[in-house]
Structure formats: C-alpha cells, structure tokens
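Here is a short briefing on a protein model.

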Amino acid sequence: MNFIQIADVHLGAAPEAGRRDDGQREKEIWDSFYKVIDICEEKQIDLLLIAGDLFHRQPLLRELKEINYHFGKLSRTKVVLIAGNHDYIRKDSRYLQIAWSENVYPLFETTLHRAVIEELDLAVYGFSYDRREIREARYDEAYAPRDMKYEILLAHGGDETHIPIKKAKLKALGYDYVALGHIHKPQMLLKDYAAFSGSLEPLDQNETGRHGFLLGEITEKGTQIRFVPFAKRQYIHLHLTVDIEMTHGALRGKIKEEIEQNGTAELYKIILEGQRDPEIVYDIEDLDYYGNIVEILDHTVPAYHYEQLYERNKENLLGRLIGHFMECEPESIEYQAMCEGVSAILAAMEERS
Amino acid sequence: MIIRELYLKSFGKFSETKIELEEGFHIFYGENEFGKSTLHAFIRSMLFGLTKGRGRAAKNDLFTKYEPWDQPSYYAGEMTFESGDRTFIISRRFDRYGKSASLVCQTDGEILSVEQGDMDMLLDGMSEAAFENTISIGQTKAETSADLGAELRNYAANYYCSGNSEMDVERALAILKERRKTVENRQKEIRKKKQEKREKVEQQAAYISEEIERKQAEEEQISKNIEQGKQEEKRIVRTPEEEQSTEKQNVWDVVKIKLLPVVFLAGVAGISLLFQGILKWSVLSGAIILEIVFLWKLMEAFRQAEEKVQQETEESREAEKREVSLEHEQERHREALRRMVVRRELLREEIAEKQMQYENLCEQGEELMEVSEEYVVLEEKGRAIQLAEDTIRHLSTDVRKEFETRLNEVSSEILCAITDGKYDRIFIDENTNIYLLQGAQKISVGQVSRGTMEQIYFALRMAAAELMYEEEFPVILDETFAYYDERRLENTLRWLAENKRQIILFTCQRRELEMLRKLGIPYHVNG
C-alpha cells in the first residue's frame with residue numbers, strides 16, 4: 001500500500017512575502033494543496049493522510065464543500081484527516097457539518113478512535129484537537145491493538161504545549177507507521193517509522209529549507225518513507241558580511257546578485273554583519289530590488305579600532321566614552337551605544353576640519 | 001611661541017616699519033596716539049587674519065580702523081615667530097584685491113598652507129575669541145561676579161571649541177539625534193505597512209459585520225411573519241366547523257315544535273269523538289272540522305319543515321363551498337409559512353457562516369499585531385543611540401566640571417601668588433557666584449575692590465591659557481595694571497617674570513618700567 005502524508009497546510013494563511021506579493025502567497029498555498037490531490041489521482045495513491053492543521057483557522061462551510069468536492073473526485077485514494085491545534089473542533093465546527101464523500105474518513109472525535117478501511121486491510125488511529133493547547137502526552141499510551149493487517153497512527157503534536165512526544169514511547173506503540181504533524185520543518189523522527197511531513201508550503205520567513213510531502217510504502221516487509229520537495233517557494237536567509245569597502249551601491253548590487261543566483265522566485269531574509277566604513281550608512285529601504293525581501297536585519301557596526309582610539313584619547317570625551325563601554329558584550333546595547341557615540345563624535349570632528 | 005619680529009608693511013599709520021622683539025619683558029611705552037593699539041591689533045591680525053565686516057558693522061570694525069591712511073589698496077604685514085625649534089614667517093595681505101596669506105618655515109624652507117589650517121595647528125587650535133579671552137589681556141570688562149562666573153563658564157565651553165579637544169559635543173549629539181530619527185522613521189514605515197494590512201482586514205470584517213446585521217434583521221422580520229402566520233392559521237381553521245354543527249340542529253327542532261300542538265289537538269279530537277258516540281251531527285262535523293284543521297296544520301308543518309330542510313341544504317352547500325375555499329387559503333398559507341421557515345433556515349446558515357468568517361478575520365487582525373524581528377532590532381538600535389546621547393552628555397558634563405575644578409585650582413594658585421598669599425582660593429558655586437577664601441573667611445567677590453577684581457581676572461586668564469593649550473604663548477598686556485597698587489604690581493610682575501617667556505606690555509605709564517628696574521627684572525623697551 002502506498003500513501004502520501006501532508007500536514008500543516010494552513011489553508012487561509014497569508015504569510016509575509018515581500019513588497020511584490022499581493023495576496024498570491026495565500027492562493028499559492030491552496031494551489032499546492034490541490035496539486036497534491038491531483039498527484040494522488042495521477043499516481044493512483046492508495047491513501048492520503050492529513051496530519052492536522054489543514055486550515056489555518058476555523059474552516060468555513062464553503063471552503064469545506066470545495067475540498068470535499070475535490071476529495072470526492074479521487075477514484076482510488078482514501079483520505080483520512082484529523083484536526084490540529086489551529087483548526088481544532090469546536091462545538092460549531094464546520095468539519096462536523098459536512099457530509100463527507102465516501103472515500104473520506106474523518107477522525108474528528110477528541111479521544112483515540114479509528115477508521116477502518118477494509119479494501120486496504122488498514123486501520124488508522126487518531127483523534128482531533130478540541131482546543132488550542134493540549135499539554136498531556138496523549139500518545140504515550142496509544143498502543144496499537146494489532147487486530148488489523150496494517151495499523152497507522154495519525155498524530156498532531158510534538159512540543160510542550162501540544163502533546164509532548166518522546167521517541168522511545170512512540171517506538172513502543174507498535175504501529176506500522178506514525179504520521180506526525182505540527183512541526184513545520186520536515187523531519188524523520190524515527191527512521192521509516194515516525195516522521196513529520198512538515199508544512200506543505202513554508203509559512204514564515206524563518207521556515208527555510210525545502211518543503212513538501214512524504215511519500216511512503218507499507219508492505220509486509222516494513223515501511224519506507226521518502227521526502228518529496230514540492231513547495232512552490234522557499235524562504236532563504238542570506239548572511240552578508242560587509243567590510244570598509246562596501247558602499248551602499250555595492251551592497252545593493254551584491255544582494256541583487258545573490259538573489260539572482262539563488263532564485264528570484266524565492267523569498268529572502270537578509271542579515272547584514274561586519275564592520276562598515278564609519279561614514280557609510282546603508283539605506284535599508286533601497287536594497288529590495290526584486291521586491292521579494294521580507295526582512296532586513298542590519299547588525300553592521302562602524303569599523304573603528306577602539307583600543308587605539310582609547311589610547312590616544314584617554315583624557316578627553318572620546319576616550320572616556322570608549323572607556324565607559326569598552327568592557328561590554330559585543331552584542332549588547334551598551335556596545336552598540338559606544339559604536340554610535342564614537343562614530344558621531346568622529347563625524348563631528350571631520351566636519352569641523 | 002615667541003614673537004621675533006613685526007614687519008608692518010602698511011598697517012594703520014605704519015608703513016615699512018620693522019620691530020624686533022625679545023624674550024622676557026618687552027614694553028611699548030608711549031602716550032596715546034603712539035600706536036600701541038595699532039601694534040596690538042597688528043599682532044592679532046597676523047595671527048588670525050583680518051576681514052572687513054558687512055553692512056553697518058563695517059563702519060567701525062577693526063579692518064576699517066587700521067586701513068592704511070595713505071594707501072588703502074595696500075594693507076599688509078609680516079610676522080616672524082618661533083614655535084617649537086623652528087622659526088616661521090607669516091605674511092598677510094588684507095586689502096580686498098590682494099587678499100592673501102602665506103606661511104613659510106624659515107628653518108627648513110617648508111612651505112605651509114594657512115588655508116589648510118597649518119597656522120591653526122601652530123596656534124594649537126586657539127581661536128581669535130580664545131586669544132581675546134586668555135593671553136591678550138586688557139582691563140576687565142567684568143563688573144560683577146556673575147559676569148566673572150559667566151566668563152568661567154565660557155572657558156569651559158571654549159574648551160570644546162578650541163583647546164585640546166576639537167570635539168564639538170553639540171554637533172555629535174545632533175548627529176546622533178538625526179540617526180535616531182532615521183531609525184524611528186523606518187520603524188514608522190514598518191508600522192504603517194502593518195497598519196495598512198490591518199485596516200484592510202478590519203474593513204473586510206466591518207463589511208461582513210454589516211451583512212450579518214442585515215441578515216439578522218431579515219431573520220427577525222421573517223420570524224415575526226412566521227409567528228403572525230401561525231396565529232392566522234389557527235383562526236381560519238376554527239370558524240366553519242362550528243357554524244355547520246349549530247345549523248344542523250335547528251332543522252329538526254323546528255319540525256318537532258310545530259308537530260307537538262298538532263299531535264295534541266289530534267289526540268283530543270279523537271278521544272272526544274269516541275266518548276261522544278251517537279252524538280249530534282254538530283259534534284261530528286265539529287270533529288271533522290277539527291280533523292281537517294289538524295291535517296292542514298300537519299301539512300303545513302311538513303311543508304315548513306321541507307322548506308327548512310331545503311334552506312338548510314342550500315346553506316350547508318354554501319358552507320361546504322366556503323370550506324373548500326378556506327382550505328385552499330389554508331394550504332396557501334401553510335405553503336407561504338413553509339417557505340418562510342426554509343428561508344429563515346437558510347439565513348441562519350448564512351449568518352453562522354459569516355460569523356465564522358468574521359471571527360477568522362478578527363484572528364487575522366490580531367496576528368498582524370505581532371512584532372517582526374526587524375522591528376525589534378531597530379528598537380534596540382534606537383535605544384543604543386539614546387544611550388550614547390545620554391552618556392555623552394553626562395560625560396561631557398563630567399569633563400566640563402573637571403576642567404572647571406582644575407581652572408579653579410590653577411587660578412587659585414596664581415591668585416595666591418600674585419596677592420602674596422592674601423587670597424588662597426577662588427571658587428564658584430552652582431549659581432556661578434564667586435567667592436574668595438581669605439584664610440577661613442569666605443568673601444563674596446562683590447565685596448572686593450576693583451584692584452582685586454582685576455587680579456582675579458588676570459589669574460583666570462592665565463590659568464585658562466595654561467590649561468587649554470600645550471603651547472606657551474606670549475602674554476600681551478594692554479594697560480592692564482592701571483588699577484593695581486604698588487604691592488599688586490610688584491607681585492604680578494614678579495610672577496610674570498618667573499612664569500612666562502615673553503611678555504609684551506603696552507603702557508602709557510612709567511610705573512611698570514620703574515617697578516621692573518626696582519625688582520631687577522630685565523626688560524626691553526620701545527617707545
């Protein structure tokens with residue numbers, strides 16, 4: 001039996017996508033999701049597992065009708081889904097008001113229960129969130145009864161406030177596979193046994209790396225999982241270290257170059273570090289050539305040889321300023337204050353002469 | 001620095017005049033109009049240049065004052081001086097068309113540039129204003145201790161503009177403030193973008209909220225209509241049935257009533273006939289008439305009853321017709337009611353959906369309130385700049401205070417020396433009131449004589465010159481000792497001889513000369 005596992009799609013979310021974006025990112029997430037369904041049909045996948053947080057917020061009736069329609073069109077694939085901490089089941093949740101297609105097996109109760117799929121000799125176990133946080137380790141005792149040929153646990157959690165999970169305990173449960181959701185970074189928790197598919201599309205500028213879904217196969221011999229990169233865009237962090245020669249123009253050019261190299265379709269977060277020419281100030285607003293920079297952090301400091309300056313100016317204001325802050329941590333506000341103060345005093349001196 | 005030669009090419013009333021100066025006391029003695037102030041001005045002009053003022057100021061400024069009487073178009077001079085181990089010649093021309101300045105080192109032939117600040121460097125950064133406030137001493141213009149205190153404060157301020165530290169604190173603070181503004185502006189940009197997004201979401205939410213209200217109002221209206229309809233329904237159903245039942249009763253009642261007397265009459269007639277037997281014919285006819293009447297009455301009763309029944313059948317048929325049409329009305333009514341109920345259900349669903357949408361939008365709005373990392377970094381930067389500003393202010397106050405204290409100390413030393421120990425100390429309190437300490441006694445400067453005031457003035461200036469500059473400059477005294485008594489003069493001259501390399505004194509009295517002679521201090525005199 002083969003299956004595709006997705007999780008944390010967060011339909012309805014509109015992540016930061018820079019100046020260029022005009023709401024397309026939100027649509028891209030929907031498109032990605034529908035494309036996965038298309039693949040299920042194309043490849044005639046047996047099972048589609050959705051490990052929670054399909055929606056970013058409470059789903060609307062019309063939204064559910066749409067996805068139910070798409071599910072319904074699948075000729076072979078069976079769909080099993082649970083609700084996560086974002087689209088948790090409330091009393092008035094629309095999840096409960098839809099007449100799901102025949103091939104959809106929702107697990108919307110809030111305690112462990114199962115869906116039996118005779119054609120696949122399979123039972124999928126799981127439960128849905130009924131509130132935003134669950135601090136108990138609810139999967140620790142969720143042992144597989146082993147009365148079906150294949151048993152899969154469909155789970156959502158993995159941090160302190162959302163069902164903490166211990167690898168060892170998970171291993172002891174005895175399933176053929178544990179499909180995990182909630183952590184947005186795809187990762188194999190236990191080789192070919194338990195894995196987070198990660199979010200289908202990256203949802204935040206710190207969710208770098210490739211995103212997509214897991215393709216798996218379960219046979220009598222065991223389970224095999226493979227990550228399939230699929231997301232339309234990536235968030236990329238660019239660390240640039242400047243030096244005294246780097247003018248604003250040069251920096252702008254360098255950033256443009258790096259973006260072209262890494263892909264102008266992707267989305268970027270730029271981190272600037274290093275020591276710059278004290279007279280140069282980088283105009284942050286002007287560095288976004290392609291309109292796809294989400295954030296720029298300027299950690300550069302003016303290049304001064306502080307010890308030297310101190311030695312030469314011990315008696316006067318400049319020396320005292322340096323002396324006052326010299327001992328502070330380089331990342332601290334005090335150190336920054338020293339950099340700013342020194343450059344201002346020296347700049348004022350430059351002006352006078 | 002030692003001034004070696006003054007060469008007045010064309011300055012004031014002087015033309016092609018060279019004056020050599022020595023170390024030690026150099027006295028220019030002469031009555032007024034001798035040119036003492038011209039020479040004083042010349043030295044100053046050679047050190048700092050001379051520019052013509054503008055507009056009204058031009059009439060009485062120095063430039064105009066010393067413009068050569070004979071040849072105003074040639075206004076120039078040269079001065080030779082020693083600084084460090086080298087000798088320099090500075091040459092200046094002040095007239096408008098030939099205005100220039102050149103500086104040459106006589107010792108090694110190096111050509112320096114006045115424009116590029118080489119003269120300033122040799123002067124250790126002393127400005128013209130500082131010159132006036134330190135080594136060029138006239139008579140005090142300070143009448144009160146407040147003025148003196150203000151002067152002291154001035155020195156401290158000048159300390160930053162001239163002297164050792166070329167640090168312009170105010171400018172540095174201004175630069176920092178500008179930077180802070182830039183950071184704040186960027187933060188504002190970020191906030192604005194967020195705000196725009198938020199407003200869009202809020203607008204959507206408001207729109208949906210309106211729709212919800214509208215639909216809820218509609219729902220209410222429909223609910224009311226449904227209630228009304230239900231009431232209507234009840235009323236229509238009750239009436240026709242009741243009417244029918246009451247009518248049915250009446251037909252038979254009528255017949256019964258009419259028959260009763262007829263039956264009774266018949267009965268009476270029959271019985272009486274029986275009991276009468278072979279009665280008279282009249283009785284028999286009477287009985288027959290009675291029987292006829294009885295029959296007629298009976299027939300009438302039946303006829304009436306028939307009529308009644310017919311009437312009633314008609315009426316019931318009418319009633320049936322009415323019933324049918326009423327039933328139709330009822331059906332229509334019920335149909336309308338059903339439709340309203342369905343519509344209401346739909347509305348309720350729509351409202352629920354919209355409310356969910358509204359909630360989602362509110363959540364989205366809240367998510368937008370979150371602060372980005374960039375904003376946090378900027379926030380930190382802003383705080384760092386503020387910290388720099390505060391620290392600089394704070395430190396510069398420290399430096400200023402220290403300088404004031406030192407100034408205090410050194411002027412006290414000098415004052416003590418020139419008053420022969422009479423006053424040990426000057427000090428200034430927070431309100432710039434100056435006090436003198438005489439032994440243990442505190443004397444306000446307002447209480448002392450003009451002469452003492454002059455000495456304090458002198459001491460302050462000498463102390464300032466010492467503290468602000470590395471270079472030792474010649475002291476230029478212009479009628480300084482007019483108010484000094486013998487004792488004071490003696491002490492001061494002695495102090496000068498012991499502490500200064502070159503003292504240039506302009507005076508119109510012989511006192512100083514004679515005192516120097518008396519003290520055995522060597523001097524040179526021009527005059």
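Helices here are DSSP runs of H or I with at least four residues, numbered from the N terminus. The model is predicted. By the rule used, all chains together hold 60 salt bridges. Side chains of opposite charge can pair when their charged atoms come close.

**Chain B overall**
- Chain B has twelve helices and 14 strands.
- Of its 527 residues, 43% count as buried.
- Take the chain B contacts between residues at least 6 apart in sequence: 70% of them join residues at least 24 apart.
- Chain B exposes about 30200 Å², and carbon and sulfur atoms supply 51% of that area.

**A bridge within one helix of chain A**
- Lys27(A) pairs with Asp31(A) in a salt bridge, with the closest N and O atoms 3.2 Å apart.
- Both residues sit in helix α1 (residues 24-42) of chain A, four residues apart, or about one turn of the helix.
- Lys27(A) counts as exposed at 52% relative accessibility, because the cut-off for exposed is over 50%.
- Asp31(A) is partly exposed, at 29%.

- Glu28(A) and Arg233(A) form a salt bridge at 2.5 Å, N to O.
- Glu28(A) lies in helix α1 and Arg233(A) in the loop between β12 (222-229) and β13 (235-242), so the pair ties together parts 205 residues apart in sequence.
- Glu28(A) and Arg233(A) are both buried.

- Glu178(B) and Arg171(B) meet in a salt bridge at 4.0 Å, N to O.
- Glu178(B) is partly exposed at 47% relative accessibility, and Arg171(B) is partly exposed at 27%.
- In chain A, salt bridges with shared partners link Arg25(A), Glu28(A), Glu201(A), Lys232(A) and Arg233(A) into one network.

Notes:
Residues numbered from 1 in each chain as written. Chains lettered and ligands numbered in written order. Predicted model: local features only at pLDDT ≥ 70, side-chain atom pairs only at ≥ 80, totals over all residues. Heavy atoms only, no water. Helix = DSSP H or I, 4+ residues; strand = E, 2+ residues; numbered from the N terminus. Buried < 20%, exposed > 50% of the residue type's maximum accessible area, 1.4 Å probe, protein only. Contact = heavy atoms within 4.5 Å. Areas by Shrake-Rupley, 256 points an atom, 1.4 Å probe, with all protein chains shown as cover. Salt bridge = Lys/Arg side-chain N within 4 Å of Asp/Glu carboxyl O.
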